[in-house]
Amino acid sequence: MSDLNLAKQEPVFNTNKKMTFVILSFLAFLILLPLIGPSKFLLHLMIMIFMHAVISQSWNIIGGFSGQISLGHGAFFGIGAYVSSFLYVEFGLTPWIGIIFGIIICAIIAILIGIPMLRLSGHYFAIATLLIGISFQIIFQRWELVGAASGLWVPLTSEDSIYAMQFHGSKVPYYYLFLIFFVIIFFIAWIINRSKLGYRLRAVRDDAQAAQSLGIDIAKYKIIAFAISAMMMAPMGSLFAQYILIIDPDRMFNFEISIIALLITVLGGIGYVWGPLIGTIILIPLAEYARIFFGGTGGAVDLMVYGIVLMIICIFRPSGIISFLPSNILHRKKMR
Amino acid sequence: MSILKVKNLSKSFGGIHANQDITFDVERGEILGVIGPNGAGKSTLFDLITGFTKPDTGSVIFEDKNIFGLRPDKISNLGVGRTFQKLKPFADQTLLENVMIGAFAKEIDQKKARDKALEIIEFVQLIEKRHHYAKELSTGQRKRLELARALATDPKLLLMDEVTGGVDQKTIPGLVDLVKKLRSRGVTVITIEHNINIIMDISDHILALDQGKKIAFGLPKDIQKNQKVVDAYLGTVDAA
């Protein structure tokens, strides 16, 4: 048989059986974990892992797949939180639908600010997003309708309520909520990565002129990536708002969110679907334990931990921790 | 019948006339060679036709459509492909992925894009390198990659900037054969080439530029005898 026919018969996706098994076992473990009666802290830690994995994946779509470094992505987290909470506080609309509104509004805002901003390239885009992120915080600090600096106070239900998405007795329902979004959003990222969209985003990232010469409208693709990224961020804001039930501009539009999303992705492996997850699994427990260990004396210890870990990675493994994986897992196509 | 009509095309950067009043037609199915000394405006002409540089005045008619001043991606989608003098492979992606990105211009389905990419990689004779990263390929192989990637978008007209530049002597005949074979695929080719023997061999017509102006256009045998061309270009090559 000729080389061409042999090549055509290679599977389009060399789905690694071992990897599939590892991923499914991991998923089964996550689903069953609450049944073994974990501590409240462990559940909280897992919820933080799911949340940070998703916000990093969101950042990875724009920063990793399409190569546009955003420093203001926390804005979409905050908008998601405010939209669902505001609709519940003002109109009694269930957060289940509020989340969808948050996703839609974030997509619209991303497109509106993306059209002018994504014409900027490289550092200028990063600076512009930084300023956008900060200005959203200032707007919400001043905006009376949404409670200005004191934020929104979500009326607490007397008992657990699925309608209001409030669960006071246990963290388990929140655990599953975050888990569901985590699985869905990672699945979407995995699909994007191997679709036409993923190929074209990588082309835009690697060489914009070459991409154009192949008929790719680079502005359009950057805006699509930016909108998808914003749509992934929004539900995390909404869920986090339901989790802590206090929505104020300082917490929801915290600059840290934008930075952590970037740090985790770079640490894990930028541009890889599993990079954000690997980064989260390493960084979030480290930071949470550091926070507990040093207690009230060192409020910013977790940030210092981020800094140190990132420095080590940048020096020794610039392509992220994922690059420790054997290359046949990492690069499915390189099988010879 | 002409596939491309370029009329009075001009572009200046500051006070420098990079292209001045360039006019020529390209017949469907032919290979047009563009020659000229360094700085004659050959690459600028390519950038003007493919939209990478906005022309000042003139017109560019591709298949009865005026593509003057359109964005590069729109021009590409109409059926004008190109390669670059300074190669632009997607370095961190495999050869196959590079060509698939081209194939996705017309295909949505993964499997179809992949099969099409493989057929074109076979055409440029790199099938055994399909899983190699672009950065691992030699210059000659990268030229083939760029050709394959552009071909995957199904261009009717292909502009090739320096087919053999920077490639070692042994690889040149293979590349030249590929360009000749493009004709049988129904692709019209405009090519910039510094090697005079090659350009005389492969071209149906030749456009000679010097200092941004057209100095000659015609059959290779006539161009060879054209005094202006000899003065501007050929003479200096012989002297060197």
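The legends below describe close-up views of a predicted model. Local features are given only at pLDDT of at least 70 and side-chain atom pairs only at pLDDT 80 or more, while totals for chains, interfaces and linings use all residues. Residues are numbered from 1 along each chain as its sequence is written, and chains are lettered from A in the order in which they are written.

**View 1. Confidence along chain A.** Chain A has a mean pLDDT of 87; pLDDT is the predictor's confidence in each residue, from 0 to 100. In this chain, 94% of residues reach 70 or more. Helix H9(A) has the highest mean pLDDT among the elements of chain A, 95. Helix H15(A), residues 327-330, has the lowest, 60. Elements are DSSP runs numbered from the N terminus: helices (H or I) have at least four residues and strands (E) at least two. Over residues 332-336 of chain A, pLDDT stays under 50. The model has 12 contacts beyond four places in sequence for that stretch.

**View 2. Chain A meets chain B.** Here 23 residues of chain A are in contact with 34 residues of chain B. A contact means that two C-beta atoms, placed from the backbone, lie within 7 Å. On the chain A side, the elements that give two or more residues are helices H1 (3-9), H8 (196-206) and H9 (208-213). H8(A) supplies the largest share, 6 residues. By class, this side of chain A has 8 nonpolar, 4 polar and 11 charged residues. Nonpolar covers Ala, Val, Leu, Ile, Met, Phe, Trp, Tyr, Cys and Pro; charged covers Asp, Glu, Lys and Arg; the others, Gly among them, are polar.

**View 3. H8(A) crosses H10(A).** The axes of H8(A) and H10(A), residues 218-244, come within 10 Å and cross at roughly 115°. Axes are lines fitted to C-alpha atoms, for helices over the stretch in contact, and angles run from 0 to 180 degrees between N-to-C directions. H8(A) is therefore roughly perpendicular to H10(A) (65 to 115 degrees; under 35 is roughly parallel, over 145 roughly antiparallel, the rest oblique). H8(A) contributes Arg200(A), Leu201(A) and Val204(A) to the contact. H10(A) contributes Ile218(A), Tyr221(A), Lys222(A) and Ala225(A). These residues divide into 5 nonpolar, no polar and 2 charged.

**View 4. H7(A) alongside H10(A).** The axes of H7(A), residues 172-194, and H10(A) come within 11 Å and cross at roughly 175°. H7(A) is therefore roughly antiparallel to H10(A). From H7(A) come Tyr174(A), Leu177(A), Phe178(A), Phe181(A) and Ile185(A). From H10(A) come Met232(A), Pro235(A), Leu239(A) and Tyr243(A). The contact has 9 nonpolar residues, no polar and no charged ones.

View 5. Most residues other than glycine have a negative phi. Leu245(A) has a positive phi near 60°. Leu245(A) sits in the loop between H10 and strand E2 (246-247) of chain A. It is partly exposed, with 17 other C-beta atoms within 10 Å (20 or more is buried, 12 or fewer exposed, in between partly exposed; C-beta atoms are placed from the backbone). Glu63(B) has a positive phi of about 50°. Glu63(B) lies in the loop between strands E4 (57-62) and E5 (65-66) of chain B. With 16 C-beta neighbours inside 10 Å, Glu63(B) is partly exposed.

**View 6. Asp222(B) and His205(B).** Asp222(B) belongs to helix H8 (residues 220-225) of chain B. Asp222(B) is partly exposed, with 13 C-beta neighbours inside 10 Å. The C-alpha atoms of Asp222(B) and His205(B) are separated by 9.6 Å. Along the chain, the two residues are 17 residues apart.
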